[in-house]
Amino acid sequence: MTGFSLDLVADVQQLLSYHFMLNALRAGTIVAVLCGAIGYFMVLRRQSFAGHTLAVIGFPGAAGATWLGVGTGLGYYGFCVAGALVIAALPGPGRLTGGLGGDGESSAVVGTVQAFALACGFLFVTLYQGFLSGLTGLLFGSITGVSDGQVLALLAAGAGCLLALAVLGRPLLFSSIDAEVARARGVPVRLVGTAFLVLLGLAAAGASQITGSLLVFALLVTPAAAASQLTARPGPGLLLSVLIAVAVTWLGEGIAFFSPYPIGFWVTTLAFAAFCLALGYRHGRDRWARPRAGHPQPAGSNR
Amino acid sequence: MTALLAADPVTGLANMLGQPFVRHALLAGTAISVLSGLAGYFVVLRGQVFAGDALSHVAYAGALAALAAGLDLRLGLFAATVGVGVLLGLLGGRGVGDDVLIGTTFAWVLGLGVLFLFLYTAGGSSGDATANVNVLFGSIFGLSAPAAATATWIAAGLVAVLLLIARPLLFASIDPAVAAARGVPVRLLGPLFLAILGGTVGEASQAVGALLVFGLLAAPAAAARRLTADPWRALALAVALAVLAMWAGLVLAYAVPALPPSFTIVALAAAEFALAAGYSVLRRPISA
């Protein structure tokens, strides 16, 4: 490894000559496409808090699997899907908005579940002596740890999720935008919501293995938030969200390869930068467009 | 430690209280749990759970930034949580504080925390892994006498402020429009409460860790709200449940050394909520 030079082609060639980087990029791409797509619906449905909780629930799963000597992948998928079903079964579906307004009661329940799950993860880590060095990897991910088998498993899970999302897409979009009308038109809103939470859990579990439990949320929420600043239309928004997620992951992994700083920092920072740019662009466009359009947009109409 | 298991409960408890680190933990833990119960009730009432979640992540980044800069951990902890609390309060007043914005920002703050962790460990400090674990998951048995005293005084001060503003805050939380019409300074109370919440998260981080703050903040309050609809009673009950979880958790963690105190405290708080939820479900059909 010779470090970064100004010759970008040579840099990329050098980067791709390492098998672990190749695997990291493959896994990162799958995860980014999945998180970009599913995250877009999460933001649309205002389920950020549920998404964050699902992302975090993977940690006790992985820690428990390590403690029991089972594969961590099993722990991630098992706990995230189980968590999704628990959240879906809680009273008041679709009210997990959190935020500064929102329903305090149901988000307090989700928060309690989250704290308990994390406490269990800590217990497993403590019970499994000498595992504390792996804790940082579980929570914040590592770029070097992706095996060929993991890439294949991710590919299978990712393809399955995207297929399910494609089947689910139209009713999901309908019920996300206007649940009442969708229900009246015969869309099984509750079933669609549960299926989506399971998909969200699967995406969070897959992504956790690359970015770590605490940083999955950055890939889920940030590209989608940036995309929804740029366009209000669902089709282009979904595409933009996926593109931003992939670009951020590739750039983050590339920079992390040449810099001493950890990948988690680069991916989250690049994603946040993309969001800030999108926010700035929207504000600039609104200011420029308003006097010409003649009728100012009502506040919050671009969500 | 084995003395507790061997002897009868009274001698065991006396043995436990004979340990200085247990006394420090009990002192600071009681003050912190009173504060968490009080603040937690308002958090749930005002629907600001996600903001509390964001503050706990900010606490992690702030503490590690201070460590990386070679400062006292608590300095970074409180500066970050109180600062961001005020910021959230000011933004929230203008309707900008929506959950996607909060989520996007705290996801990045956590990324910064990873960077600070890296800088701190690369600085060649000893005990780096331990410090990281302590910030994330707390170390209440590791509190020194001065640290416990400081934590207790800060908690006492915050409790006093919260009790002072409890009545207008309750009014403003339940019906902001009417409260504003009656002359309650609603716009001032929002940021003030989030600043206090920031301080509370900083305090609770020292006891159960940044990641588990929620256990002390949300669980007792949610349990209290299941048991009574009266706000003042629920407030008192939330405090009592938080203190109970803290005391029982400390005793359990002392008696069973394999269990870390952060786990026992949070697990007991979650159990309190589960029991309260079960009780309210059982009671409902009879009263209805």
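I count a residue as buried if 20 or more other C-beta atoms lie within 10 Å of its own. The model I am reading is predicted.

**Chain B, overall.** By that cut-off, I find 55% of the 288 residues in chain B buried. I looked up the secondary structure of chain B and got 13 helices and 0 strands. I then checked the radius of gyration: chain B has 19 Å, which agrees with the value near 19 Å for a compact globule of 288 residues. Along the principal axes, the C-alpha atoms of chain B fill a box of roughly 60 × 55 × 30 Å. For contacts in chain B between residues at least 6 apart in sequence, I note that 74% join residues at least 24 apart.

**Helix pair in chain B.** I looked at helix H3 (residues 20-45) and helix H10 (residues 186-208) of chain B, whose axes are 9 Å apart and at an angle of about 140 degrees. H3(B) is therefore oblique to H10(B). The crossing of H3(B) past H10(B) is left-handed. On the H3(B) side I list, among others, B:Ala28, B:Gly29, B:Ile32 and B:Phe42; these meet a set in H10(B) including B:Phe193, B:Leu197 and B:Glu203. I sorted the residues of this contact of H3(B) with H10(B) into 11 nonpolar, 3 polar and 1 charged.

**Chain A against chain B.** I find 48 residues from chain A and 47 residues from chain B in the contact. On the side of chain A that touches chain B, H5(A) gives the largest share, 16 residues.

Methods
Residues numbered from 1 in each chain as written. Chains lettered and ligands numbered in written order. Predicted model: local features only at pLDDT ≥ 70, side-chain atom pairs only at ≥ 80, totals over all residues. Contact = placed C-beta atoms within 7 Å. Helix = DSSP H or I, 4+ residues; strand = E, 2+ residues; numbered from the N terminus. Axes fitted to C-alpha atoms, helices over the stretch in contact; angles between N-to-C directions. Parallel < 35°, antiparallel > 145°, perpendicular 65-115°, else oblique. Left-handed = near helix turned anticlockwise from the far one by under 90°. Nonpolar A, V, L, I, M, F, W, Y, C, P; charged D, E, K, R; others polar. Rg over C-alpha atoms; globule rule 2.2 N^0.38 Å. Buried ≥ 20, exposed ≤ 12 C-beta atoms within 10 Å, placed from the backbone.
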